[in-house]
Each structure stands twice: as structure tokens, then as C-alpha cells.
Amino acid sequence: MTQANISPQGRLRIGLPQLGKYLLPQLVEFQQEFPSIELELSFSDRLVNVIDEGFDAVIRIGEIGDSRLTMRRLTGYRHRLVAAPAYLAQHGTPTRPADLASHACLRYRYPTSGRLEPWPLLVKGRPVSVDLPQSAIADVTQALQAMAEAGLGIAFLPDFTVADAISTGQLIVVLEKHIDDHQDVSILWPSGRQSLPKIKVFVDFMVSRLGGA
């Protein structure tokens with residue numbers, strides 16, 4: 001009750017997925033706006049236990065199943081299949097999902113489960129399965145994007161990570177109409193704790209910068 005009546009300050013422990021590294025500009029801006037709050041950032045794709053592990057808030061991708069947490073939606077994202085112009089000039093541009101079987105596919109491996117990320121491909125609105133090559137594998141998207149930009153193959157990457165490369169022509173989107181993909185992004189915190197000024201200002205700040213209802 002005392003903390004709820006004072007200005008935002010103190011340690012604020014935030015859990016983020018590995019892709020949360022792309023939020024560093026917003027996190028830096030938050031720290032500059034609220035210098036009395038000490039940010040402690042933990043980046044991991046592991047599904048952390050927010051309450052038991054002592055997090056004040058987490059940003060999470062996907063569905064939320066813990067009823068002890070309060071949630072606000074942020075702007076989601078989608079993946080895009082991209083390749084460098086030089087790669088497409090040499091190997092051709094795929095026009096249907098089945099064509100990917102004869103292309104160099106740069107695959108993402110989830111570091112927590114070890115599974116390869118699936119590519120949700122569609123033909124006439126229906127999911128299809130393609131035996132995708134594993135031409136290169138990495139558990140960080142930056143490595144896959146660097147390989148794609150170098151002309152080593154086709155990568156399946158979040159739209160916000162490749163937006164600049166697409167706008168400058170470094171990467172070209174392929175099979176745009178054959179991808180069925182949307183990822184929800186949410187900010188969560190233990191129910192009943194938003195009255196703490198440090199949590200309230202963080203939630204409000206991130207919603208103002210990243211949208212959400």
C-alpha cells in the first residue's frame with residue numbers, strides 16, 4: 001500500500017523472449033523517462049513462471065494459460081519468407097510451396113525444445129506439408145537473416161526484423177499468399193500488482209509504444 005502511493009521507483013524485473021532484443025530502443029527510452037526504476041532484463045524463450053520466479057512482468061509470444069496473471073495485448077507480428085535477390089536470380093523464385101523442397105531453406109531451431117520451427121504453408125487456403133531441406137540451422141534469428149542477406153537461401157523470419165532489409169531491396173518476399181501465420185504478443189504481470197507504480201508505468205508505456213487493447 002505504501003508503494004502504491006509513491007512515485008515509480010525500485011527494481012523492475014522483466015522477462016522477455018529472445019526476440020525481445022528488438023525492443024531495446026523502447027526499453028532504453030523507458031529507462032530514460034523513469035531513471036528511478038532499475039530495470040533487470042532476462043531474455044529467454046523458456047516459459048518462465050512469472051510469480052514463482054519473481055518477475056514483475058513478462059512479454060510473451062503466443063497463448064496465455066496462467067489465470068493468476070493479468071494481460072494486455074500488444075501489437076502482434078507475422079513471419080515472412082525472404083531471400084536475397086542474388087539467390088533468387090541464381091536459383092529461381094518459388095511460386096508454390098512444393099518448390100521449396102528444391103531450395104536452400106534456412107531453419108530456426110527453438111533453443112528450449114530443440115524442435116525446428118514449422119513453416120505454415122497453404123495451398124488454396126488449406127495447410128500443406130512440404131519436406132523442407134535443412135540447409136542451415138540456427139537458434140537466433142539474426143544469424144538466419146545474415147545468411148539470407150548473403151544469398152545462402154530462403155529464411156522464415158518475423159516481419160519486424162526484416163522490414164528494413166525488404167524496404168532497401170536486400171531481401172525479397174516470396175510465397176506471400178501461401179503463408180498462414182500470426183503471432184500474438186502480450187504483456188503479463190501478477191494479478192493485483194498493477195497498483196504498484198513501477199508496474200503500472202511500465203505496462204502503460206509499452207502499450208503506448210507497441211499498441212494493444
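These legends describe close-up views of a predicted model. Local features need pLDDT of at least 70, side-chain atom pairs count only at pLDDT 80 or more, and totals for chains, interfaces and linings use all residues. Residues are numbered from 1 along each chain as its sequence is written, and side-chain values use heavy atoms, with hydrogens and water left out.

**View 1. Strand β6 (residues 105-108) is covered on both faces.** Strands are DSSP runs of E, at least two residues, numbered from the N terminus. In a regular strand the side chains alternate between the two faces of the sheet. Here Cys105 and Arg107 sit on one side, Leu106 and Tyr108 on the other, and all are buried (under 20% relative accessible area, 1.4 Å probe, protein chains only).

**View 2. β6 pairs with β10 and with β9.** Pairing requires at least two DSSP bridges between the strands. β6 and β10 (residues 154-158) run parallel over 2 bridges, with Cys105 opposite Ile154. β6 and β9 (residues 136-138) are also parallel, over 3 bridges. Ala136 is the bridge partner of Leu106.

**View 3. Arg107 is buried without a salt bridge.** A salt bridge needs a side-chain nitrogen of Lys or Arg within 4 Å of a carboxyl oxygen of Asp or Glu. The nearest side chain of opposite charge, Asp131, is 6.9 Å away. A polar atom of the Arg107 side chain does lie 3.3 Å from the backbone oxygen of Glu117.

**View 4. Lys124 and Leu175 each have a positive phi, and neither is a glycine.** Lys124, at about 55 degrees, lies in the loop between β7 (121-123) and β8 (126-128). Lys124 counts as exposed because its relative accessibility is 82% (the cut-off is over 50%). Leu175, at about 50 degrees, lies between β11 (172-174) and β12 (183-190). Leu175 is buried, at 7%.

Terms used
Helices (H or I, at least four residues) and strands (E, at least two) are DSSP runs, numbered from the N terminus. Lys and Arg count as positive and Asp and Glu as negative; His and the chain ends are not counted. A polar contact is a pair of N or O atoms within 3.5 Å; within protein, one must be able to donate a hydrogen and the other to accept it, and residues adjacent in sequence count only if both atoms are side-chain atoms.
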